[in-house]
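Student: I am new to this structure and would like a close look at a single part of it. Please take me through it step by step.

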Amino acid sequence: MKVSIITVCFNSSETILNNIKSVNSQTYQNIQHIFIDGGSEDNTLEIIKSKSKRKNILISESDNGIYDAMNKGLKIASGDIIGILNSDDIYTSDFVITKVVKTFIEKKSDILYGNINYFNEKGKIVRTWKSSEFTKGDFVKGWHPPHPSLFVRRHVYKRHGFFDIDLKVASDFEFMLRIFEKTNYNIMYMNQTLVSMLIGGKSNTIIGIFEGHKEIKKAFKKNNIQPKSFYFVKRYISKIFEYIK
């Protein structure tokens with residue numbers, strides 16, 4: 001099975017090399033690494049060209065935000081399985097893709113997700129997002145998996161579409177809501193930490209939390225799903241607690 005890994009980047013010279021090394025070192029061989037760059041003005045492109053050892057595709061041009069860039073990658077991905085690993089994220093071991101493919105085959109999965117770590121600029125792990133098994137209706141109660149740990153068969157994207165670029169911070173949530181709650185695919189929880197993610201980003205700021213709140217409301221409405229009455233209170237409390245930590 002071929003695995004496509006999509007990396008979105010922009011002026012990412014400080015982090016992109018670790019991302020590339022993480023993919024290069026995977027024991028699984030049949031990997032396509034797609035870089036969608038937003039027109040970097042630093043030496044991001046030079047690092048990609050000189051250091052990526054996988055079958056890679058590099059597109060560098062302006063885009064309409066991170067989800068538009070992800071969609072560009074999804075349109076050209078040729079792998080049976082697709083994962084998204086952003087420029088400041090890395091896999092937790094050299095065996096992640098091998099284990100993911102093995103699980104897809106053995107469990108006949110269409111969608112797979114696991115756990116993630118958050119690390120700071122010093123490389124120290126500051127917290128872990130440990131997910132759990134999914135059952136229908138979990139999203140309306142405040143549950144969803146960590147998107148960086150998500151692997152999806154290409155046919156799922158082809159059938160159900162890509163990311164909604166009208167949503168700027170919660171399009172990954174909307175996509176997961178759509179494919180988890182509104183389809184009957186074989187979804188597998190892999191209880192292992194697959195990705196380490198650099199803490200930060202727009203969704204982890206106070207402003208981002210409020211923007212995310214509005215966009216998640218739109219995501220539920222778009223999919224004709226009604227969240228539980230306590231959903232947004234629970235989300236506010238958990239997100240603000242994470243921000244304070």
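Is K108 buried or exposed?

Tutor: This is a predicted model, and what follows is computed from it. K108 is exposed: its relative accessible area is 67%, and the cut-off for that word is over 50%. The residue sits in a loop, with α4 (96-107) on one side and β6 (111-119) on the other. If neighbours within four places in sequence are set aside, the contacts of K108 are T103 and N186.

In α3 (residues 66-76), eight of the 11 residues are buried, so the helix is largely enclosed by the rest of the structure. Those buried residues are Y67, D68, A69, M70, N71, K72, G73 and L74. Their cover includes the strands β1, β2 and β4 (81-84), together with the helices α5 (154-160) and α6 (171-181).

Helix α1 (residues 16-24) has the buried residues I16, N19, I20, S22 and V23. Viewed down the axis of α1, they fall within an arc of 160°, so they line one face of the helix. The general rule is that an α-helix has 3.6 residues a turn, so residues three or four places apart point the same way. The buried residues of α1 pack against β1 (3-9), β2 (31-37), α2 (44-51) and β5 (89-91).

How values were computed. Residues numbered from 1 in each chain as written. Predicted model: local features only at pLDDT ≥ 70, side-chain atom pairs only at ≥ 80, totals over all residues. Heavy atoms only, no water. Buried < 20%, exposed > 50% of the residue type's maximum accessible area, 1.4 Å probe, protein only. Helix = DSSP H or I, 4+ residues; strand = E, 2+ residues; numbered from the N terminus. Arc of directions from axis to C-beta. Contact = heavy atoms within 4.5 Å.
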